[in-house]
Amino acid sequence: MDREERIRRRAHEIWEREGRPEGREREHWDRAVQEIEAEGSEAERGPVVPDPTVGAGSDPVQATRGANRKPKS
């Protein structure tokens, strides 16, 4: 499906969701453009992959507690 068709369908969905108001075609079109562009940006970035080093063999709470302790004399 081409970009314009996707925008047209999204604008129609927005229009229906808002109760089919008259005279707001441009607003719905503009919002559809923003949503479609945002989706494209997310797709280009790809999925978020967790950092395998975070939490591997360390407890951040314990590390913080240890850093705040006074050394024993």
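The largest nonpolar core has six members, namely Ile7, Ala11, Ile14, Ala32, Val33 and Ile36. A nonpolar core is here a set of buried Ala, Val, Leu, Ile, Met, Phe, Trp, Tyr and Cys residues joined through side-chain atoms within 4.5 Å. Helices α1 (3-17) and α2 (25-45) each supply at least two residues of this core. The structure is a predicted model, in which local features need pLDDT of at least 70, side-chain atom pairs count only at pLDDT 80 or more, and totals for chains, interfaces and linings use all residues. Residues are numbered from 1 along each chain as its sequence is written, and side-chain values use heavy atoms, with hydrogens and water left out.

The secondary structure of the protein chain consists of three helices and zero strands, and the order from the N terminus is α-α-α. These elements are DSSP runs numbered from the N terminus (helices: H or I, at least four residues; strands: E, at least two). Of the 73 residues in the protein chain, 12% are buried. Buried denotes under 20% relative accessible area, exposed over 50%, and partly exposed the range in between (1.4 Å probe, protein chains only). The accessible surface of the protein chain is about 6,400 Å², and carbon and sulfur atoms account for 51% of this area. Among contacts (heavy atoms within 4.5 Å) with a separation of 6 or more, 37% join residues 24 or more positions apart.

Individual residues illustrate how the helices meet. When neighbours within four places in sequence are left aside, isoleucine 7 is in contact with Trp29, Ala32, Val33 and Ile36. Glutamate 37 belongs to helix α2 and counts as partly exposed because its relative accessibility is 43%. The C-alpha atoms of glutamate 37 and isoleucine 7 lie 9.5 Å apart in space, although the two residues are 30 residues apart in sequence. Arginine 10, in helix α1, has a relative accessibility of 15% and therefore counts as buried. Beyond residues up to four places away in sequence, arginine 10 touches Ala32, Glu35, Ile36 and Glu39.

Charged pairs were examined next. Side chains of opposite charge can pair when their charged atoms come close. A search of the whole structure finds 14 salt bridges, a salt bridge being a side-chain nitrogen of Lys or Arg within 4 Å of a carboxyl oxygen of Asp or Glu. Arg6, Arg10, Glu13, Glu35 and Glu39 are linked in a network of such bridges.

Glutamate 27 takes part in a salt bridge with arginine 24, the closest N and O atoms being 2.9 Å apart. Glutamate 27 is partly exposed at 37% relative accessibility, and arginine 24 is partly exposed at 28%. Glutamate 27 also forms a salt bridge with arginine 31, with 3.2 Å between the closest N and O atoms. Glutamate 27 and arginine 31 are four residues apart in helix α2, so about one helical turn separates them. Arginine 31 counts as partly exposed, at 24% relative accessibility.

A further salt bridge joins aspartate 30 to arginine 26, where the closest N and O atoms are 3.3 Å apart. Because aspartate 30 and arginine 26 are four residues apart in helix α2, they too are separated by about one helical turn. Aspartate 30 is partly exposed, with a relative accessible area of 33%, whereas arginine 26, at 59%, is exposed.

Terms used:
Accessible areas come from the Shrake-Rupley method with a 1.4 Å probe; for residues, only the protein chains shown count as cover.
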